[in-house]
Amino acid sequence: MRNLSQVDFPFLWVIILGFGIEFLALAGLQPFVVFNLAGRGLVLLGALLNIRLYGMKSMSLGASLNFLVIALNGGKMPVSLEVTSWLGLQKYVELLENNYYPDYTIISSSTLLPFLGDVLPYFSFLFRRFFVASLGDYFLGIGVMLFLVYHLRKEEVKA
C-alpha cells in the first residue's frame, strides 16, 4: 500500500471535488442536473489531467462515455428495464418505474445513445449479486484495476 501513497497524482483533488459535488446533488442540492453534470465533468477533467498515469486512459474513456450519455439524456443515466428485469432485479425495476432515483431514467424511444446507458450485466464479487452497468462503467473499472495493480506491484526504488 505504501506504493499508492508515493504516486504523483497532482489533480486527484479535482476528481474528489467532482465526486463530492455528485454526492451533494444526490443529497438534494438543486438544480440536480447542473450539479450532477458539474460533478461528473470534474471527474472526467481530473482523469484527463492525470492521463499520463497507468490506467487513466481507460478511466478517461469510461468517464467520457458516461458523461456523454448522461449529458444527452437530461442529466440522467439511461437504464434498460429489460436487462434489469432479466437479472432478477425486480425491486430496482419498481424503483425506476416510480422515479425513485434522481440520477437514472428508463430507456425509451427518445433516449439518445441508449447503447451507452446501463444495459450490460455486471456481477459484483464483492456484493455477490448482479447489477446493470454501462460500457463507460466497464472502462472505468478496468482503468481502476490497471492503476491499482500497476502501482501496488511496482517495486520500490532503493536509495
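This note comments on the nonpolar cores and aromatic pairs of a predicted model.

1. Basis. The model is predicted, so local features require pLDDT of at least 70 and side-chain atom pairs pLDDT 80 or more, while totals for chains, interfaces and linings use all residues. Residues are numbered from 1 along each chain as its sequence is written, and side-chain values use heavy atoms, with hydrogens and water left out.

2. Largest core. A nonpolar core is a set of buried Ala, Val, Leu, Ile, Met, Phe, Trp, Tyr and Cys residues joined through side-chain atoms within 4.5 Å; buried means under 20% relative accessible area, exposed over 50%, and partly exposed in between (1.4 Å probe, protein chains only). The largest such core has 9 residues: Val7, Phe9, Ile15, Val43, Ala47, Leu53, Met56, Met59 and Phe147. Another core, of 5 residues, lies apart and includes Leu65 and Met77.

3. Serine 60. This residue belongs to helix α4 (residues 56-72) and is buried, at a relative accessible area of 3%.

4. Aromatic pairs. The whole structure holds 8 aromatic pairs, meaning rings of Phe, Tyr and Trp (its six-membered ring) with centres within 6.5 Å; planes under 30 degrees apart count as stacked, over 60 as edge-to-face and the rest as tilted. Tyrosine 54 and tyrosine 150 are stacked, at 4.4 Å centre to centre and 20 degrees between the planes. Tyrosine 54 lies in the loop between α3 and α4, and tyrosine 150 in helix α7 (residues 135-153), 96 residues apart.

How values were computed: Helices (H or I, at least four residues) and strands (E, at least two) are DSSP runs, numbered from the N terminus.
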